Amino acid sequence: MVFLGLPGAGKGTQAQTLARTHNLSQLSTGDMLRAAVAADTEIGRQVKDIMAQGDLVPDRLVIDIIGEHMSAPACAKGFILDGFPRNVAQAEALDKMLEEKNIKLDAVLELVVDTAILGDRINSRIAAQPNSARLDDTETTLMQRVKVYEEQTAQVATYYEAKGLLKRVDGMQDIDTVTQQIKAVLGV
Ligand code: ADP
């Protein structure tokens, strides 16, 4: 499955819950890239500034990272892609990788939220974890991440809608209600 949603829409939270209850792997490109930055690897040094600005890191890099993880034994029972694909080029690369591995994409879920509430959600995230605050959780960067979503990632939803794979859930409700609705639309 693929989870789509604006920054702060709750896709990480919901992907984690569904992965746990259904024995799937959650593959979050944001988490993987943050780990690379924290470990100060070659890739980490390459992406640090781009992420802090709220821009997309190069396609080739995330496509390779996802390709590697998808082949891991932990993904054999299925996986949720959280934060990938983020533009149409990535979506096309994903189709190709899935075809090569003979894996079928079951569904694409978009968590729909009002951009007006995102600032509040991100601010609560910072208040809850002041010491581990993400470098990109600032007002300016959030605005850039929203812009990138609207300019590039929204097209990914359209791409999957045309394939009949897209399901939308209202992400403005409380966490448990959203979880229930996701399970209902996915039929799991
Ligand atoms: P959010 O959805 O809250 O913006 P993520 O944790 O998914 O946060 O991503 C954080 C940052 O990591 C992005 O702003 C971007 O710089 C980088 N990133 C994550 N996934 C991708 C991707 N698929 N393609 C390019 N850049 C990515």
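**Ligand surroundings and a helix pair**

A polar side-chain atom of Arg34 sits 2.9 Å from an oxygen atom of the ligand, a polar contact being a pair of N or O atoms within 3.5 Å. This is a predicted model in which local features need pLDDT of at least 70 and side-chain atom pairs count only at pLDDT 80 or more, while totals for chains, interfaces and linings use all residues. Residues are numbered from 1 along each chain as its sequence is written, and side-chain values use heavy atoms, with hydrogens and water left out.

- Around the ligand are 19 residues, of which Lys11, Thr29, Asp55, Gln90 and Arg145 come nearest (a residue is near if one of its heavy atoms lies within 4 Å).
- Helix 2 (residues 29–38) gives the largest share of this shell, four residues, where helices are DSSP runs of H or I with at least four residues, numbered from the N terminus.

**Helix 5 and helix 7**

- The contact (heavy atoms within 4.5 Å) is made by Val88, Ala91, Glu92, Leu94 and Asp95 of helix 5 and by Gln155, Val156, Tyr159 and Tyr160 of helix 7.

Methods
A polar contact is a pair of N or O atoms within 3.5 Å; within protein, one must be able to donate a hydrogen and the other to accept it, and residues adjacent in sequence count only if both atoms are side-chain atoms. Helices (H or I, at least four residues) and strands (E, at least two) are DSSP runs, numbered from the N terminus.
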